[in-house]
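Open the model in your viewer and keep the selection panel at hand.

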Amino acid sequence: MVRDTNRHFKFDWITIILFLLLVGFGWLNILSASHTGTTINYFDFSQPFGKQLIFIFLTFGLIILLLAIDAKFYERFSSIFYIISMLSLVGLFIFGKNVNGATSWYAFGGMTLQPSEFAKAATALAVANYISDLNTNIKSFKDQIRTFLIIIIPAILVLLQNDTGSTIVYSAFFFVLYREGLPKYYLTIGIAIIILSVLSLKFGYIITSAIAGLLVIAYQFFNKKKLRTYQSIFIIVAAIGISFGVKFFYQSILKPHQQDRISLWLRLEKDPEKLEKMKQTFAYNLNESEKAISSGGLTGKGFMEGTRTTGKFVPEQHTDYIFSTVGEEWGFLGSAFVVIVFVLLLLRILHLAELQKSQFSRVYGYGVASIIFIHFLVNIGMVMGLIPTIGIPLPLFSYGGSGLWAFTILIFIFIKLDSNRINEW
């Protein structure tokens, strides 16, 4: 399955350079967030920055392998990759190692592997393969259900491992399906449910239902195309049902620490003493992260000069809260640089996806961009306190071999597919 020498390949170096920028700058910030003294041994493999250096070194070998394999191989065996990935998720319930309450890792001696990271790439391949099949019509309800199942199965398996952050990432595939012709009402319903859920928790089901009723009346008044009576009644009843369901889910299904995180985000707690206790317990990382970012100012305190970073005020800063290191030491300008590089990477992948002659390659490209976007949006939003605290890494930036390799696989499979574009008719 290696490259055919009679064919022509042109790798997109803009995407590769953006990838290298994020990995390199990420390592510098991992170094700053994890070093323990004034004298630094860059090859101290007992420290996170040393381990990450090994992961990066191995990544280059992985890239060579991914680019050497024939592009058609990924499409031909996408279903096999998906099945193997699902089996690896199921195996965690038997052989998995519990870390911080989540059973998401296999342990091999002193090394751990998180299969949920690789499952995202396998799911992207499986979705691309199914949608691009000549017998699939995404506007058909039957094919919509089958596509949803491909996405929902790994999401449920990951959720059962108590890894809420990775579960949320699977919502990214709705952007992909929307691009391929999924009816707009799915997106409308999804956005409406999110808004109703937040309003229900914040104001209660009575006010939320009243707002839904007012919106229906306003729609009837301002739009030429009127809703039928039964449609209006159904919308109001559905809004009431969602409000009750959200309350029940929040109070009876979510675990106490998850309730507290949402409560802090929406400012639901009215008791000052309990609120302060919650802040000290569940919002400590967030508070310290916000302080670190705000202390950086315009240009930052300088590389490895961040007092809150070197003082270890933000626990496990080299993982999910790595962006707070950027904010403190590189300031607004450094933070803007990281955001711009991510945006450029996303735009480049989307641009290349639109150029694909193969629907499989286009759908997969949109899957890659959507997964990276959700990670990027949720992580930075969490670090800045804009959304509830959710354990999710910043792609190519946060410490971790599984995450780095999974995103490398995700991106470089697409680079290989794109390079084969000139050989397709």
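The structure holds two cavities of 30 Å³ or more. A cavity here is a set of points on a 1 Å grid over the protein atoms alone where a 1.4 Å probe fits but cannot get out; its volume is the space filled by probe spheres set on the points, which are joined across faces, edges and corners.

This is a predicted model: local features need pLDDT of at least 70 and side-chain atom pairs pLDDT 80 or more, while totals for chains, interfaces and linings use all residues. Residues are numbered from 1 along each chain as its sequence is written, and side-chain values use heavy atoms, without hydrogens and water.

Select E117, K120, A121, I371, A406, F407 and L410, which line the second largest cavity (lining residues have an atom within 4 Å of a point). Its volume is about 30 Å³. Helices α5 (115–131) and α18 (401–419) each give two or more residues to this lining; helices are DSSP runs of H or I, at least four residues, numbered from the N terminus.

Next, select F148 and Y186. Their rings form an edge-to-face pair, 5.6 Å centre to centre with 70° between the planes (rings of Phe, Tyr and Trp, its six-membered ring, pair if their centres lie within 6.5 Å; planes over 60 degrees apart are edge-to-face). F148 lies in helix α6 (residues 141–160) and Y186 in helix α9 (residues 184–203), so the pair ties together parts 38 residues apart in sequence. F148 is buried at 12% relative accessibility (buried means under 20% relative accessible area, 1.4 Å probe, protein chains only).

Finally, select F25, F303, W330, F337 and F397, a cluster linked by ring pairs.

Definitions and conventions. Phe/Tyr/Trp six-rings, centres within 6.5 Å; stacked < 30°, edge-to-face > 60°. Buried < 20%, exposed > 50% of the residue type's maximum accessible area, 1.4 Å probe, protein only. 1 Å grid on protein atoms, 1.4 Å probe; cavity = no way out; pocket = protein on both sides within 12 Å on 5 of 7 lines; lining within 4 Å.
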